[in-house]
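I am keeping these entries for someone who comes to this structure for the first time.

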Amino acid sequence: MHVVVVGGGVAGLSAAAEACRRGARVTVLEGSSRLGGKVAVSEVGGLPVDEGADSMLTRVPDGLALAREAGLEPELVAPATGQAFVWSRGALRPLPTGTLLGLPTDLAALARSGLLSGRGLNRVPLDLLLPGRPVTEDVSVGELVARRFGREVVDRLVEPLLGGVYAGRPDRLSLRATLPQLVAPAARHRSLLLAAMETRAATPPTDGPLFASLPGGLGRLPAAVAAASGAEVRLSTTVRELSRTPTGWRLVTGSAADPQALEADAVVLAVPAAPAARLLAGLTPTAAAELAGVEHASVAIITLVLDGPVGAGSGYLVPAVEGRTTKAVTFTSRKWAHYAGSSVLRASVGRAGETADLQRSDEELVAAVLGELAQTVGPLPRVLDSRVVRWGGGLPQYAVGHLDLVARVRAGVARWPGLAVAGAAYDGVGVPAVARSGREAAAAVVGDNGRHDRQQA
């Protein structure tokens, strides 16, 4: 059985590895000149530093499994520090313990942090007294939290934490898609505080660290996965057309003047929403239109190598209400011990709906980040090197109703045997979630076993 995977990011490589394990012959078609998508590493100041994701969550096992299959599990390392801060009300405040993507579960820790004003802090426990009903439908995280805890919790806790994951606005992000573990408790409790406390109590403890990375950057992972999988990889190969044949699938690559055709028994589309929608338009137009409507946020990662140490802990978040360009800073050389002896940090810029900052030049972005960093931590050492990486449309936005949209898209795709979709647009944006979507897509198409007897309804 020949499986073609369109897209050589983490989702596509995970799909390729799974299909190979199931005995298929696999070809990966990647439009760019390298593998990995948003998981990539390059040198700054002579040091290998990740351009995108720099770690993966260990609680979801699929990322660790991918590293294990690639032979990299023994090299995985934990952060040297987990202490994070939030810039709030003119000072760096410790991120309170017991938060669930910004939802407080420990009111004493919240009070000690100083993140909220006295008025904002006093508003939170009123959740226990306010009337209301359990949440049985999808709602925005921001709307629910503001109603139960007050607006300050949204602006100074939920927004910077969700913004760090999705670059999104809490008032538009879906509860069910971004906090699925809270859905069942929220349907049982009128109080959001009690629901969040139950969720936290039900979360199984981890034996080890919550995050993991690789010396030399997490960006080492994609090439290792590809090499271990046994799949054939074709770089700089963009798929322009996807069509049904009597025996399977036909993919057209190359230029309009020199098209090249490739036949396959099954296809996994592991590309972002827009190119996936384009390839699906002739097969399932309704699903394609819905997929094309998924909004995305653009971000930039500014990496700095300095001539001396700065900061404390692993880094800090900046709420949008602070009016700063920078939304987060990671003190990379403090967070990861393999950078010991260097001074490396990464700053993130860009939120959903904001484009002005990202239209600034690289030099302007570096200057803005340095200025705000100096205001936060004091005078800075000399800058030895810098790098600006822009991820245009890099983060899909999980709006209210997103899971229903995904179900409709997959239902449309499932009408064609031997076809599946995977990637960050569906079930999660982190490395483990994306890897899982690729693995499940491959299992589905190989499970069809080359059958082509079902036609689109």
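**Entry 1: a pair at Asp 62.** I looked up Arg 439 and found that it forms a salt bridge with Asp 62, the closest N and O atoms being 2.7 Å apart; a salt bridge here is a side-chain nitrogen of Lys or Arg within 4 Å of a carboxyl oxygen of Asp or Glu. Arg 439 lies in helix α16 and Asp 62 in helix α2, so the pair ties together parts that are 377 residues apart in sequence. Helices (H or I, at least four residues) and strands (E, at least two) are DSSP runs, numbered from the N terminus.

I noted that the model is predicted, that local features need pLDDT of at least 70 and side-chain atom pairs count only at pLDDT 80 or more, while totals for chains, interfaces and linings use all residues. Residues are numbered from 1 along each chain as its sequence is written, and side-chain values use heavy atoms, with hydrogens and water left out.

**Entry 2: a further partner.** Arg 436 also forms a salt bridge with Asp 62, and here the closest N and O atoms are 4.0 Å apart. Arg 436 belongs to helix α16 (residues 431-447) and Asp 62 to helix α2 (residues 62-69), so this pair links parts that are 374 residues apart in sequence.

Is Asp 62 buried or exposed? I found Asp 62 buried, with a relative accessible area of 11%, where buried means under 20% relative accessible area, exposed over 50%, and partly exposed in between (1.4 Å probe, protein chains only). Arg 436 is partly exposed at 24%, and Arg 439 is partly exposed at 30%.

**Entry 3: other salt bridges.** The side chains of Arg 408 and Glu 290 meet in a salt bridge of 2.6 Å, N to O. Arg 408 sits in helix α15 (residues 402-414) and Glu 290 in helix α12 (residues 285-292), so the two tie together parts 118 residues apart in sequence. Arg 408 is partly exposed at 43%, and Glu 290 is partly exposed at 21%. I also noted a network of salt bridges that links Glu 18, Arg 21, Arg 22 and Glu 69; the structure holds 23 salt bridges.

**Entry 4: a sheet.** I then turned to an open sheet of 3 strands, in the order β12-β13-β14 with antiparallel pairing; two strands pair if DSSP finds at least two bridges between them. Strands β12 (239-245) and β14 (259-264) stand at the edges with a single partner strand each, so one side of each is left without a neighbour in the sheet. Strand β12 is joined to β13 (residues 248-254) by 6 bridges, and Ser 243 stands opposite Arg 250 in β13.
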